[in-house]
Amino acid sequence: MISLFYAGAIGIMAIVLAFLTIRQRFISSVSLGDGDNENLLRAQRAHGNFLEYSIIFLILSFALEFFGNIPDIAIVILGDFFILGRILHAYALSNENANILYRQVGILFSFLTILTQSIWAILISSQWLLGNNFGLNF
């Protein structure tokens, strides 16, 4: 159920970023593409980049929560770091005057979260794979 909370939060954030992109489309009068408008491009990339990383995070989060049998607090910590990272990154990408440090910290949090989830998933699944396919139990 913890991952479901983060799925909901990510869904709301995705809608907010979509509305910001739509708003930029109205401001710049561009219905398709970015029309060489940097503000529209920033809004599009903030939304697209957010979704690209969120899908991987959510798949790993649900899998670890339901199949990995890891502590709930680990799911919460990873989820909080990911959400904070995506907020910082989207803010920095959407605003040309934002400090580049926000974007760097945002992507670092996102990368570290997904890397941690990925390594944990490989370690957990490799024990099962080795035990069921080769009779090696650890």
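**Close-up 1. Glu-52 and its salt-bridge partner.** At 41% relative accessibility, Glu-52 counts as partly exposed. Here buried means under 20% relative accessible area, exposed means over 50%, and partly exposed lies in between, with a 1.4 Å probe and protein chains only. Across from Glu-52 sits Arg-45, its salt-bridge partner, with the closest N and O atoms 3.3 Å apart. Arg-45 is also partly exposed, with a relative accessible area of 33%. A salt bridge is a side-chain nitrogen of Lys or Arg within 4 Å of a carboxyl oxygen of Asp or Glu, and by this rule the count comes to one. Please keep in mind that this is a predicted model, in which local features need pLDDT of at least 70, side-chain atom pairs count only at pLDDT 80 or more, and totals for chains, interfaces and linings use all residues. Residues are numbered from 1 along each chain as its sequence is written, and side-chain values use heavy atoms, with hydrogens and water left out.

**Close-up 2. Helix H1 from end to end.** H1 runs over residues 2-28; helices are DSSP runs (H or I, at least four residues), numbered from the N terminus. This helix has 27 residues and reaches 40 Å from its first C-alpha to its last, close to the 39 Å expected at 1.5 Å a residue. The expected span is 1.5 Å times one less than the number of residues. Buried residues of H1 include Tyr-6, Ala-9, Ile-10, Met-13 and Leu-17. What covers the buried residues of H1 includes H2 and H3. Just after the helix, Ser-29 takes a positive phi of about 55°.

Close-up 3. Ile-2 is found in H1 and counts as buried, at 18% relative accessibility. Setting aside neighbours within four places in sequence, Ile-2 is in contact (heavy atoms within 4.5 Å) with Glu-65, Asp-72, Ile-75 and Val-76. Val-76 belongs to helix H3 and is partly exposed, with a relative accessible area of 27%. For a view along the chain instead, Ile-2 and Leu-20 are 18 residues apart in sequence and 28 Å apart in space, C-alpha to C-alpha.

Close-up 4. Is Ser-28 buried or exposed? At 18% relative accessibility, Ser-28 counts as buried. Beyond its neighbours within four places in sequence, Ser-28 is in contact with Asn-37 and Leu-40.

**Close-up 5. Asn-69 in the loop between H2 and H3.** This loop is the place of Asn-69. Phi of Asn-69 is near 55°, a positive value in a residue other than glycine. At 71% relative accessibility, Asn-69 counts as exposed.

**Close-up 6. His-89 and its surroundings.** His-89 lies in H3 and is buried, with a relative accessible area of 5%. Which residues does His-89 touch, not counting residues up to four places away in sequence? They are Asn-49, Tyr-102, Arg-103, Gly-106 and Ile-107. Gly-106 and Ile-107 are themselves among the buried residues of H4.

**Close-up 7. Helix H4, its cap and its buried residues.** The 35 residues of H4 (residues 100-134) should span 51 Å at 1.5 Å a residue, and the end C-alpha atoms are 49 Å apart, which agrees. At the N-terminal end, Asn-99 caps the helix: a side-chain oxygen lies 2.8 Å from the backbone nitrogen of Leu-101. Ser-110, Thr-113, Ile-114, Gln-117 and Gly-131 are also among the buried residues of H4. Helix H2 (38-66) and helix H3 (72-94) are included in what covers them.

**Close-up 8. A nonpolar surface patch.** Leu-108, Leu-112, Leu-115, Ile-119 and Leu-123 make a nonpolar surface patch of about 470 Å². Patches are made of residues with over 30% relative accessible area and no salt bridge; nonpolar side chains (Val, Leu, Ile, Met, Phe, Trp, Tyr) are joined within 5 Å, and like charges within 9 Å. Accessible areas come from the Shrake-Rupley method with a 1.4 Å probe, and for residues only the protein chains shown count as cover. Leu-108 lies in H4 and, at 45% relative accessibility, counts as partly exposed. An α-helix has 3.6 residues a turn, so residues three or four places apart point the same way.

Note on methods:
Helix = DSSP H or I, 4+ residues; strand = E, 2+ residues; numbered from the N terminus. Polar contact = N/O pair within 3.5 Å; in protein donor to acceptor, adjacent residues only side chain to side chain.
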